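Me: Got a model open here and want to talk through a few bits of it. Can you take my questions as they come?

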Amino acid sequence: MGGAVVDEGPTGIRAPDGGWGWAVLFGCFVITGFSYAFPKAVSVFFKELMHEFGIGYSDTAWISSILLAMLYGTGPLCSVCVNRFGCRPVMLVGGLFASLGMVAASFCTSIIQVYLTTGVITGLGLALNFQPSLIMLNRYFNKRRPMANGLAAAGSPVFLCALSPLGQLLQDSYGWRGGFLILGGLLLNCCVCAALMRPLVASQPGAGSGPQLPSRRLLDLSVFRDRGFVLYAAAASIMVLGLFVPPVFVVSYAKDMKVPDTQAAFLLTILGFIDIFARPAAGFLTGLKKVRPYSVYLFSFAMFFNGFTDLTGSTASDYGGLVVFCIFFGISYGMVGALQFEVLMAIVGTSKFSSAIGLVLLLEAVAVLIGPPSGGKLLDATHVYKYVFILAGTEVLTSSLVLLLGNCFCIRKRPREPQPKAATAEEEKLHKPSADTGVDSREVEHFLKAEPERNGEVVHTPETSV
């Protein structure tokens with residue numbers, strides 16, 4: 001998995017698709033919940049912070065922005081750490097960082113100190129947990145991987161529904177300082193999840209010191225030679241520009257229609273409730289034998305569905321229209337959340353995933369910092385929420401077309417039936433590119449890794465090893 005020499009285990013090991021993998025799935029569920037829900041959940045403390053430090057809402061909003069920027073932007077750093085030290089040690093350190101940041105924030109005397117503690121330190125800690133947990137999930141699940149990804153992704157809406165009320169309760173009982181201190185203790189559960197990430201080991205009794213693994217790059221930039229990865233990275237970056245905009249503005253959109261505050265806030269509850277069920281359902285659907293070879297196209301459809309929902313949501317003229325929008329947005333948003341990493345795993349394969357996800361998250365970090373602020377600037381200029389939703393929908397629709405058309409015309413990869421290993425070995429010899437033939441590199445890569453990856457094994461080839 002991307003060259004994690006420390007805990008990758010010997011080649012030839014199969015993904016168990018169960019057993020201890022269910023404990024790994026639970027840990028990934030918790031980590032995903034903390035990583036995605038925490039930047040939103042801390043927003044309940046913003047009013048108290050504004051009174052404490054005499055600042056405006058835009059200043060406090062930077063806390064969530066820095067948290068998200070650290071979660072996405074430190075992707076390559078996480079890849080290097082995982083490939084150097086392994087998943088479990090990196091996650092243990094990340095859990096300590098996440099907790100330490102919130103505990104230190106409870107003693108802060110200025111908003112700059114809150115930025116550094118809650119934003120940078122806690123954000124880095126969550127990032128050091130999130131990416132390795134996905135890597136471990138990919139190692140433990142192969143045939144059931146789409147289902148596992150869907151269940152793990154459900155942690156985001158579940159924790160959002162739990163952490164926001166909990167944060168409000170803590171603030172009412174202990175103030176923002178006491179709330180931050182308790183949340184810091186809660187984040188120590190990331191270390192418990194890290195302890196669950198047991199490295200896979202070979203079941204056969206090893207001879208001597210065991211198989212020797214080739215050393216590999218700490219950050220494998222060769223993924224950029226894979227046209228499938230380049231297309232995915234471009235599509236995902238465009239998608240993130242508009243994906244998070246509607247949840248940010250839908251409550252304000254409702255208030256602009258003179259909807260009471262409690263009913264307006266309930267829109268996010270509806271969206272999150274639908275999202276809880278949409279993610280596992282999308283994972284189970286993708287895991288079906290006849291559907292899984294077309295997961296890239298299903299992901300493209302999910303993005304198209306999400307963008308189309310944004311465009312139709314821009315025509316809502318009353319509260320009922322926004323409720324319908326949130327229902328369909330929750331379905332499409334859940335599908336995107338469940339499929340995005342599953343599709344990346346399918347595109348780059350087992351050996352390059354840890355480097356690929358780090359690079360993709362870095363590219364998305366730029367987009368996630370541009371997307372919501374650009375929607376805010378458009379709103380300031382026009383004072384019409386409809387245009388914000390149209391902009392977001394157009395960006396997500398564009399990303400779906402980039403992935404769909406690129407996959408159809410640039411990759412030209414068709415799903416293949418499972419073949420015996422002997423036949424696969426013969427095809428590998430017949431289809432290796434030569435100097436005077438124009439064989440598609442994506443097709444060759446498919447033959448090189450098709451059968452071993454189907455069995456959850458890791459293969460070292462001259463393409464993936466140094």
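Me: Which residues does N149 touch, not counting residues up to four places away in sequence?
Reply: N149 touches L134, L137, A338, F341, E342 and M345, with contact meaning heavy atoms within 4.5 Å. This is a predicted model, where local features need pLDDT of at least 70 and side-chain atom pairs count only at pLDDT 80 or more, while totals for chains, interfaces and linings use all residues. Residues are numbered from 1 along each chain as its sequence is written, and side-chain values use heavy atoms, leaving out hydrogens and water.

Me: Where does N149 lie?
Reply: In helix α7, residues 145-153. Helices are DSSP runs of H or I with at least four residues, strands are E runs of at least two, and both are numbered from the N terminus.

Me: N149, buried or exposed?
Reply: Buried, because its relative accessibility is 4%. Buried is under 20% relative accessible area, exposed is over 50%, and partly exposed is in between (1.4 Å probe, protein chains only).

Me: How many helices and strands in the protein chain?
Reply: 18 helices and 0 strands. Buried residues make up 54% of the 466 residues.

Me: Switching to cysteines: how many disulfides?
Reply: 0, a disulfide being a pair of cysteine sulfur atoms within 2.5 Å.
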